[in-house]
Amino acid sequence: MSRVCEISGKSVMSGNNVSHAKNKTKRKFLPNLQNVKFFSKSLDKFISMKVSVRALKSVEKNGGLDDYLSKTSNRVLAPQAIAIKKNIYLNFILNLLSFVC
């Protein structure tokens, strides 16, 4: 599995360890990823994702996965999150049409 957040797209960064003598050695900055299950109210199921803690806090602050994805633009989201957002939107439209008919 890659070390990429499935909501924000945050991934591994590279940089240098710098000693007191200014010697530089390469290193990696890893994102704080956690395996999380989100419950989607509109899809009525749990979705397992590998998410950074920063994105997890944003989802909780905005009231859940459905609300967070609806409020966030697609430019900020990772491709997996855009696919889930599309499924939520299609399910919303289908429910709306069945309610009207």
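Residues are numbered from 1 along each chain as its sequence is written, and side-chain values use heavy atoms, with hydrogens and water left out. Because the model is predicted, local features need pLDDT of at least 70 and side-chain atom pairs count only at pLDDT 80 or more, while totals for chains, interfaces and linings use all residues.

A patch of positive charge on the surface is made up of K10, R54, K57 and K61. Patch residues have over 30% relative accessible area and no salt bridge, with like charges joined within 9 Å and nonpolar side chains (Val, Leu, Ile, Met, Phe, Trp, Tyr) within 5 Å. K61 lies in helix α1, residues 53–61; helices (H or I, at least four residues) and strands (E, at least two) are DSSP runs. K61 is exposed because its relative accessible area is 74%, where exposed means over 50%, buried under 20% and partly exposed in between (1.4 Å probe, protein chains only).

A nonpolar patch on the surface is formed by Y89, L90, F92, L96, F99 and V100, which together have about 710 Å² of accessible area. L90 belongs to helix α3, residues 79–100, and is partly exposed, with a relative accessible area of 45%. The C-alpha atoms of L90 and K50 are separated by 24 Å, and these residues are 40 apart along the chain.

S40 is located in strand β3, residues 33–40. With a relative accessible area of 0%, S40 is buried. Its side chain makes a polar contact with the side chain of D66, at 2.8 Å. Such a contact is a pair of N or O atoms within 3.5 Å; within protein, one must be able to donate a hydrogen and the other to accept it, and residues adjacent in sequence count only if both atoms are side-chain atoms.

Terms used. Areas by Shrake-Rupley, 256 points an atom, 1.4 Å probe, with all protein chains shown as cover. Salt bridge = Lys/Arg side-chain N within 4 Å of Asp/Glu carboxyl O. Lys, Arg positive; Asp, Glu negative; His and termini not counted. Charge placed at Lys NZ, Arg CZ, Asp CG, Glu CD.
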